[in-house]
Amino acid sequence: MIVHPSPSASQTSLSDPPPPAPPVPLRIYEGLASWQALRARRWYAVMGAMTLLTCGAIVFCLQFGAHALTMAELWSALTFSTTGSEDVPRVIIWDIRFPRILMGLFVGASLAITGAALQALVRNPLADPYVLGISSGAALGATIGLALGLGAIVGGFGLPLFAFIGGGLSIVLVYSIAASQGQLPMHQLLLAGVIVNAVCSALMMFATSILNPASLYRVVLWLMGTLSVPSIPALIGIGACLLIAIVLLLRESQALNLLAVGEDAARSLGVDSNRVQRTVFLVSAVLTGAVVSVSGMIGFVGMVVPHLVRILCGADHRLLLPVSALGGGILLMVADTVARTVVAPAEIPVGVITALIGGPFFIYLLMTRKYRFFA
Amino acid sequence: MSQQASVNAVVSPLPAFEVRQLSFRYDSVHCRPSSDRTAWVINEMEFTVRQGEIVGVIGPNGSGKSSLLKLLAKLVRPQEGAIHLFGSDLGTLSRESISRQVAYMPQDLSYDFPFSVLDMVLMGRFPHRRGGLWSLVGWEQQEDLAVAEEAMVQTDVRHLANRMITTLSAGERQRVLLARALAQAPRVLMLDEPTAHLDLNHQLDVCRILQQVHAQLQMTVLLVSHDINLASQYCDRILVMKQGTMVCIGPPQEVIHPQVLTEVYGCQVLVDEHPDTRLPRVSLPSQDRHQTVGISGML
């Protein structure tokens, strides 16, 4: 209209065109610029606070269990100020509780960070490795490995390997069910995940009816989701996977921001959506496989934690992903501490606790208008 | 072209888009033979978008308007034909270089995630990021922020910078998206139904912003719209589509014609002049004068 000279000069006065925009004063940039510096500073502040909180939670969890320790006992054990290998608190803390708590941290962090990344990728706040069927696929894979007696292959990493294959296959299955004509409708992906989840769980329950009692116990624990005292190699393995996953996902965090808003828009802004999809799905399959082989299917952590973090810190994945990881770790550590304390010396499967926290929270999310579902 | 060049000497002779023999269909396993041209979403289209003009794309539902925009943004690739963006073949341009030149504002976006308005607008700086190998999360630079802020001022969303996108009205969201597209600092702005679901006031807002940035930045604007009147008022030229083919392209005075619209939409329309601008205005006839072509054809 501006370039076009026609149709008449009177048009300018009559169609009420915009007055020429006033020159933008440069001063106002300062406000936002300092705020942006604040944003980066806020990142470090929040991460620092979360790290401190995590350390606090570890100490808290060390203290409780079947045998509650006094602060004095805890302190002396932590500082190695007592001597002798028969020192009970020291054995409890360093040989039993600490590895288990660390495992809880890793498992919770893995679930939460994959949940956060998957939610952005699928553009649906309900996604997590459990809902998308990755967890149950991994558990089924591990069950098959166990049933075939192949747990000891690959230097004892047979079960995680089977779990990874199971999780990977299930996500490929979910993906190919949902994908049609080169498009990936996200609600269909979620639906396919729910179905694969149900089928895999059914197959595992079928396996419980034909397995020998020793294996049966393990499979039932996988179905329920439970933590136990891990072996050191397992701990190191999961820790290493988690670290690599965090780095890979953080490098895609801006792309995830864009994808969370819309795939076409993200691609038009230069996001390689296929690469991000591959990265997130692969990371999810590996992490979930590793996690499920040691702890079974723990639901809700992956879904609930990212929501909590979003409410507190906003949706920017550069902050959301690492804070979710630490938050998920804290949640699972504390839930596991509750699980091994309330009915001590027996234990509740930690999946029960997380579901009891997650279920009501899920309902709360559905009933508030904070988020819109399937709008 | 010569007319335009005389109006504005800085306009380069290279057209923003040059589309030749463009054909496209969505890949499907149940493909009909390629000789069956009805399966094609875009069918042998050929047109040119000059630099610095506002072109509106109109046509009935399913006529391929949105697909055309996606083709021009290289979100999908054509099976046949070629698109040239400022003289270079779109097929050989890298995703990054296209993203720095073309901003695409789609129709359907998800607002489930509580991003702040500033977050959203800064996303437009993604194609201009300078992330090193070791930058883990990659924060925006001061320069990105300045560009984002200018875009927010232009679209009048500066005061919303801290608000969550989930809490905004549809009109405000559309302005935020416009700010995001402007933050991209593109040469071409492509919009898919920018005024859909907006009330009159917000429609006017969006159109004014478009006119403003077009005037200030010499931006080429390509917009898909169902609102023929809006297109008529604000576009330099209008491209009319029907079933994946181009019916005609030209200034509103030539294209917004009862014959053309009846042929394309299949119903009778009245075209008169806008009382202010003298540009063509379309309205539907009242019930007693209503005759659809389909019914009269059957009779």
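In chain B, B:Gly56 stands opposite B:Ile238 of E9(B), within a parallel pairing of strand E3 (residues 54-58) and strand E9 (residues 237-242) that extends over four bridges; two strands pair if DSSP finds at least two bridges between them. The model is predicted, with pLDDT of at least 70 needed for local features and pLDDT 80 or more for side-chain atom pairs to count, while totals for chains, interfaces and linings use all residues. Residues are numbered from 1 along each chain as its sequence is written, and chains are lettered from A and ligands numbered from 1 in the order in which they are written. Helices (H or I, at least four residues) and strands (E, at least two) are DSSP runs, numbered from the N terminus.

**The six-stranded sheet of chain B**

- The pair E3(B) and E9(B) belongs to an open sheet of six strands in the order E6-E7-E8-E3-E9-E10, with mixed pairing.
- At the edges of this sheet are strand E6 (102-105) and strand E10 (245-250) of chain B, each of which pairs on one side only.
- Neighbouring strands are turned against each other by 15° on average, direction ignored, where axes are lines fitted to C-alpha atoms, for helices over the stretch in contact, and angles run from 0 to 180 degrees between N-to-C directions.
- Helix H2(B) packs on this sheet and touches E3, E6, E7, strand E8 (220-224) and E9 of chain B, its direction making about 145° with that of E8(B); two residues are in contact if their C-beta atoms, placed from the backbone, lie within 7 Å.

**The four-stranded sheet of chain B**

- Four strands form an open sheet in the order E2-E1-E4-E5 of chain B, and their pairing is antiparallel.
- Strand E2 (42-49) and strand E5 (88-89) of chain B each have a single partner strand and stand at the edges, so one side of each is left without a neighbour in the sheet.
- Strand E4 (residues 80-85) of chain B is joined to E5(B) by two bridges, the two strands running antiparallel, and B:His84 stands opposite B:Asp89 in E5(B).
- Helix H2 (residues 65-72) of chain B lies across strand E1 (17-24), E2 and E4 of chain B, at about 120° to E1(B).

**A hairpin and positive phi values in chain B**

- Strand E11 (residues 270-273) and strand E12 (residues 280-283) of chain B pair in the antiparallel sense over four bridges, with B:Glu273 opposite B:Pro280 in E12(B).
- The hairpin of E11(B) and E12(B) has six residues between its strands, and B:Arg278 in this hairpin takes a positive phi near 65°.
- Most residues other than glycine have a negative phi.
- B:Glu44, although not a glycine, has a positive phi of about 45°; B:Glu44 is placed in strand E2 of chain B and is partly exposed, with 15 other C-beta atoms within 10 Å.
- B:Glu193, also not a glycine, has a positive phi of about 50° and lies in the loop between strand E7 (188-192) and helix H7 (200-217) of chain B.
- B:Glu193 is buried, with 20 other C-beta atoms within 10 Å; a residue is buried if 20 or more other C-beta atoms lie within 10 Å of its own, exposed if 12 or fewer, and partly exposed in between, with C-beta atoms placed from the backbone.

**Chain B as a whole**

- Chain B has eleven helices and twelve strands, and 45% of its 299 residues count as buried.
- Among contacts in chain B between residues at least 6 apart in sequence, 69% join residues at least 24 apart.

**A helix pair in chain A**

- Helix H7 (residues 186-210) and helix H8 (residues 213-224) of chain A pack at an angle of about 160°, with their axes 9 Å apart.
- H7(A) and H8(A) are therefore roughly antiparallel to each other, since angles under 35 degrees count as roughly parallel, over 145 as roughly antiparallel, 65 to 115 as roughly perpendicular and the rest as oblique.
- A:Met204, A:Ala207 and A:Thr208 in H7(A) meet A:Leu216, A:Val219, A:Val220 and A:Leu223 in H8(A).
- By class, this contact of H7(A) with H8(A) has six nonpolar, one polar and no charged residues, where Ala, Val, Leu, Ile, Met, Phe, Trp, Tyr, Cys and Pro count as nonpolar, Asp, Glu, Lys and Arg as charged, and the others, Gly among them, as polar.

**A:Cys313**

- A:Cys313 has its place in helix H13 (residues 301-313) of chain A and is partly exposed, with 18 other C-beta atoms within 10 Å.
- Leaving aside neighbours within four places in sequence, A:Cys313 is in contact with A:Val46, A:Leu319, A:Leu320 and A:Val323.
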